[in-house]
Amino acid sequence: LVLLGATFQDAIAEGFREYDFLRGTEPYKQDWTTRVRRTIGVRAWWRDGPGAWDTRARQLDRGAREALRSALPPALLDGLRRLRRRWGEAR
């Protein structure tokens, strides 16, 4: 928290008007702002090419994740997110 405050001070001293937390919905970010920015991506592909198959697979994956998020209790989701972060850090 202290380090984050120091980076705010440095950004203000440098004349920055915005501080971007980048992607993610971690709770500490909501302590500092009420605005949320959405990240979007745009893909273009040939109708029946390999890119189309990749996009369909990603859409299925995203749909499955959203279905799980809506079905699981928030406490369990938080635990799974922490476990996933630890898994990534261990690699």
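D61 and R65 sit 4 residues apart in helix α3, about one turn of the helix. (Helices here are DSSP runs of H or I with at least four residues, and they are numbered from the N terminus.) The side chains of D61 and R65 meet in a salt bridge, with 3.1 Å from N to O. To count as a salt bridge, a side-chain nitrogen of Lys or Arg has to be within 4 Å of a carboxyl oxygen of Asp or Glu. D61 has a relative accessible area of 39%, so D61 is partly exposed. R65 is partly exposed too, because its relative accessibility is 39%. As for the cut-offs, buried means under 20% relative accessible area, exposed means over 50%, and partly exposed is in between, using a 1.4 Å probe and protein chains only.

Helix α3 covers residues 50-71, and R58 and D54 are another pair in it, 4 residues apart or about one turn of the helix. Their side chains form a salt bridge at 2.9 Å, N to O. R58 comes out at 40% relative accessibility, so it's partly exposed, and D54 counts as partly exposed because its value is 33%.

## Where the model comes from

This is a predicted model: local features need pLDDT of at least 70, side-chain atom pairs count only at pLDDT 80 or more, and totals for chains, interfaces and linings use all residues. Residues are numbered from 1 along each chain as its sequence is written, and side-chain values use heavy atoms, with hydrogens and water left out.

## One more salt bridge, and the total

K29 pairs up with E26 in a salt bridge, their closest N and O atoms being 2.9 Å apart. E26, with a relative accessible area of 24%, is partly exposed. By the salt bridge rule, the count comes to 4.

Back in helix α3 you'll find T55. T55 has a relative accessible area of 10%, so it's buried. Leaving aside residues up to four places away in sequence, T55 touches R43 and W45; contact means heavy atoms within 4.5 Å.

A11 lies in helix α1, which runs over residues 2-13. A11 counts as buried because its relative accessibility is 15%. Residues up to four places away in sequence aside, A11 touches F16 and Y19. A11 and L80 are 69 residues apart in sequence and, C-alpha to C-alpha, 34 Å apart in space.

## Patches on the surface

Now for the outside. R69, R82, R84, R85 and R86 gather in a patch of positive charge on the surface. Helix α4 (residues 74-90) gives the most to this positive patch, with 4 residues. R82 lies in helix α4, and its 43% relative accessibility is why R82 counts as partly exposed. Patches are made of residues with over 30% relative accessible area and no salt bridge; like charges are joined within 9 Å, and nonpolar side chains (Val, Leu, Ile, Met, Phe, Trp, Tyr) within 5 Å. Lys and Arg count as positive and Asp and Glu as negative, while His and the chain ends are not counted. A charge is placed at NZ of Lys, CZ of Arg, CG of Asp or CD of Glu.

L1, Y28 and W32 make a nonpolar surface patch of about 370 Å². Accessible areas come from the Shrake-Rupley method with a 1.4 Å probe, and for residues only the protein chains shown count as cover. Y28 belongs to helix α2, residues 27-30. Y28 has 41% relative accessibility, so it counts as partly exposed.

Terms used:
Helix = DSSP H or I, 4+ residues; strand = E, 2+ residues; numbered from the N terminus.
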